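Have the sequence and the 3D view open as you read.

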Amino acid sequence: MTSQAFLPLSTYREYPLDEMRLRAATFAQEMQRRRTVRDFSNRAVPRSIVEDCLRAAGTAPSGANQQPWHFVAVQDAAMKTTIREAAEKEEQTFYQGRAPQAWLDALAPLGTNEHKPFLEIAPWLIAIFARSYGLNDDGSKVKHYYVQESVGIATGLLIAAIHNAGLASLTHTPSPMNFLNSLLGRPSHERPFLLLVVGYPQDGATVPDIHRQPLESIATFV
Ligand code: IYR
């Protein structure tokens with residue numbers, strides 16, 4: 001056992017209550033504006049913006065601080081084309097048979113189908129991997145804890161950071177997406193978690209007429 005050093009909490013900032021109220025309400029309104037977008041523009045987004053969004057994602061809390069995530073940010077056009085081709089192949093089997101009718105019915109309001117042009121059009125694809133276990137120098141495994149939860153939280157922060165920067169994103173889940181390991185050169189103990197499409201919305205982009213549940217439906221106070 002190594003002993004753990006502790007440092008003063010120097011990064012915490014307390015706000016007067018009025019300011020706290022305003023900040024909480026402003027952030028909630030800001031997040032209400034976020035919509036998942038499927039119509040992307042091919043307009044370039046500087047790499048430094050993506051880097052900062054990934055820095056924000058990397059601040060997520062994680063089980064035993066093991067930070068069991070890896071992000072592959074793809075802007076290379078040939079790689080995006082290859083990813084699109086592989087994803088559409090999986091999606092075709094999904095939409096043309098693998099998906100039960102009830103699942104297709106649930107997706108109907110979103111208007112999705114097997115065609116994924118945004119995988120080539122959007123300037124960035126961020127493949128998010130969840131590391132199932134760590135590796136010591138001698139090759140032995142280090143157990144990781146709460147991997148799915150940790151990577152889910154990091155992904156949420158990433159989505160919020162992208163929105164905060166003024167960009168749109170799409171949480172895309174081709175299934176299965178193991179093809180991302182071989183295409184992006186990630187080891188097999190990293191499981192593809194999500195493919196996040198990032199960019200500007202296309203001019204005239206539309207979104208489905210769907211709504212968020214009000215607070216009363218999603219929260220209970222005891
Ligand atoms: N992976 C498919 C299907 C899909 C599934 C769910 I659940 C969604 O919320 C949206 C789509 C696709 O990307 O089209």
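## The big picture

How many helices and strands are there in the protein chain? There are eight helices and six strands, counted as DSSP runs (H or I, at least four residues, for helices; E, at least two, for strands) numbered from the N terminus. Following the sequence, you get the pattern α-α-β-α-α-α-β-β-β-α-β-α-β-α. Keep in mind that this is a predicted model: local features need pLDDT of at least 70, side-chain atom pairs count only at pLDDT 80 or more, and totals for chains, interfaces and linings use all residues. Residue numbers start from 1 along each chain as its sequence is written.

The C-alpha trace of the protein chain spans about 55 × 55 × 40 Å along its principal axes. Of the protein chain's 222 residues, 24% are buried; that takes 20 or more other C-beta atoms within 10 Å of a residue's own, while 12 or fewer makes it exposed and anything in between partly exposed, with C-beta atoms placed from the backbone. Among the contacts in the protein chain with a separation of 6 or more, 81% join residues 24 or more positions apart; a contact here has the two C-beta atoms, placed from the backbone, within 7 Å.

## What UniProt says

An unreviewed UniProt entry carries the annotation "domain: Nitroreductase" for residues 32-200. Such annotations may be inferred rather than shown by experiment. In the model, that span is 41% helix and 21% strand, and its end C-alpha atoms lie 18 Å apart.

Which residues of helix H2 (residues 47-57) are buried? They are Val50, Cys53 and Ala57. These three sit on the same side of H2, because they cover an arc of only 60° around the axis, going by the directions from the helix axis to the C-beta atoms. Ser48, Glu51 and Arg55 are exposed on the other side of H2. The buried residues of H2 pack against strand E1 (69-74), strand E2 (124-131), helix H6 (147-165) and strand E6 (190-199).

The largest nonpolar core has 38 residues, and Leu125, Ile128, Val197 and Val198 touch the most other members. Such a core is a set of buried Ala, Val, Leu, Ile, Met, Phe, Trp, Tyr and Cys residues joined through C-beta atoms within 7 Å. Elements that each supply at least two residues of this core include H2, E1, E2, H6 and E6. Leaving aside neighbours within four places in sequence, Val198 is in contact with residues including Val45, Val50, Trp124 and Ile162.

## Around the ligand

The residues around the ligand are Glu91, Phe94, Leu107, Leu110, Thr112, His172, Thr173, Pro174 and Ser175, each with its C-beta atom, placed from the backbone, within 6 Å of the ligand. This shell divides into four nonpolar, four polar and one charged. Ala, Val, Leu, Ile, Met, Phe, Trp, Tyr, Cys and Pro count as nonpolar, Asp, Glu, Lys and Arg as charged, and the others, Gly among them, as polar.

The peptide bond from Ser175 to Pro176 is cis, with omega near -5°. Pro176 itself lies in the loop between E5 and helix H7 (179-184).

Asn65 lies in the loop between H2 and E1, and its phi is near 50°, a positive value in a residue other than glycine. Asn65 counts as exposed because it has 9 C-beta neighbours inside 10 Å. Gln67 lies in the loop between H2 and E1, with a positive phi near 45°. Gln67 has 18 other C-beta atoms within 10 Å, so it is partly exposed.
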